[in-house]
Amino acid sequence: MSKFLQDWSEATLEDLVTFQRGYDITKAQQREGPYPVISSSGIKSYHAEYKFEGPGVIIGRKGSLGTVFFVADRYWPHDTTLWVKDFHGNDPRFCYYFLKGMGFQQYDVGAANPTLNRNHIHGLPVLLPSLTLQKLIASILSAYDDLIENNTRRIAILEEMARRLYEEWFVHFRFPGHEEADFVGNGDDRRPRDWEFGLLSDFIELKYGKALKASDRVEGAFAVYGSSGVVGSHNQNLVDGPGIIVGRKGNVGSVFWSELPFYPIDTVYFVDTRLPLEYVFFNLKNQNFLNNDAAVPGLSRQQAYSLPFICPPNDLLDQFVVYCQPLFAAQRALERKNTNLCAQRDLLLPKLVSGEIDVSEAESAMEAAE
């Protein structure tokens, strides 16, 4: 036995936590409020009522099997989940990380739809550390998550700064020199005379992504984009970066930026345009893309191409790019940091919760990451 395991003991999963099935609630039964309704894929919506006080740990029971979520405050666990009814005096944060390393997908008992049975997993043999060690392990892994969350907030602030400038200049027409500019029209139809006003199809081509099944992907350096964002990686790219991706199937009209070469799959479009991508990115985020498919949400190119598009003069576009580029560069730097932090955390997590490495080693790695 590892020298690090002297504070660990043999147990079953039910000695760590006891699970209870979540509670069904339809969208029609919900009233808007502050409490998250957590399904097997995460926060589904927010409701005016809650079932339990936090902290809580919830895992996917149906559909997205074995996903694990931590919630600090009041929440409603959906029927597609199992929630921790009793922590048995264990540290909730540690339980969250421990359960993330369990690989519950292998305990699927569903014939058609993936399903997890709590009675089947409660008796699983596990090795548990003392409460003191649980808190140390949780604090190390939480430090990674806190850094990632802080960087994510900073990324959002940087994008919001650029978005606000876009709206100020190109939606409200309060661009540099607007006081002397020649406008035509009145009210909502008021616009600068020398700007181009046309259709999206006049300035942008939405090109189809290419099918690439998960089983056909070879893990590599290039991000694979679906309509929900990055869905994996591949050893080949389809498009050189930087580029813009628009959701076609599933998350209709979602818009993503890729600084590096990428592979857009067939649930998305990628953008081809002569205009600066920084301007196009925010223009597309402001567009009213509509779902044109009754069964699976879908975005028709014809509908997208018929949307109005504004093209300002080149000198104004150049000024906007000069402002945006440092913000975009800072965002990309923070994203790279987050990628590295996620990789380090995911490498440490199974080793820490199994006792494979000592917390002192993990603390040293954390200091290096900071």
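Reader: Which residue stands opposite Ile-43 in E4?

Author: In this predicted model, Ile-38 stands opposite Ile-43 of strand E4. Strands of a sheet pair through backbone hydrogen bonds, and the pairing can be parallel or antiparallel. Here strand E3, residues 35–39, runs antiparallel to E4, and five bridges join them.

Reader: What is the order of the strands in the open sheet?

Author: The order is E4-E3-E7, three strands with mixed pairing. Strand E4 (42–47) and strand E7 (76–77) are the edge strands, each pairing on one side only.

Reader: Which residues have the most contacts inside the largest nonpolar core?

Author: They are Ile-204, Ile-244, Leu-284 and Phe-320, in a core of 42 residues. There is also a second, separate core, with 40 residues, including Phe-19, Val-84, Ile-140 and Leu-141.

Reader: What does Ile-204 touch?

Author: Leaving aside residues up to four places away in sequence, Ile-204 touches Val-271, Asp-272, Thr-273, Val-280, Leu-284, Tyr-305 and Phe-309. Val-280 and Leu-284 are among the buried residues of helix H6.

Reader: How many residues of helix H6 are buried?

Author: Eight of the nine residues in H6 (277–285) are buried, so the helix is mostly covered. Among them are Glu-278 and Asn-283, as well as Phe-281 and Phe-282.

Reader: Is Tyr-323 buried or partly exposed?

Author: Buried means under 20% relative accessible area and exposed means over 50%. Tyr-323 has 33%, and is therefore partly exposed. Tyr-323 lies in helix H8, residues 314–354.

Reader: Which residues make the nonpolar surface patch with Tyr-323?

Author: Ile-157 and Met-161 make the patch together with Tyr-323, and its area is about 270 Å².

Methods: Residues numbered from 1 in each chain as written. Predicted model: local features only at pLDDT ≥ 70, side-chain atom pairs only at ≥ 80, totals over all residues. Heavy atoms only, no water. Core = buried A, V, L, I, M, F, W, Y, C linked by side-chain atoms within 4.5 Å. Buried < 20%, exposed > 50% of the residue type's maximum accessible area, 1.4 Å probe, protein only. Contact = heavy atoms within 4.5 Å. Pairing = 2+ DSSP bridges. Helix = DSSP H or I, 4+ residues; strand = E, 2+ residues; numbered from the N terminus. Patch = residues over 30% accessible without salt bridge, like charges linked within 9 Å, V, L, I, M, F, W, Y side chains within 5 Å. Areas by Shrake-Rupley, 256 points an atom, 1.4 Å probe, with all protein chains shown as cover. Salt bridge = Lys/Arg side-chain N within 4 Å of Asp/Glu carboxyl O.
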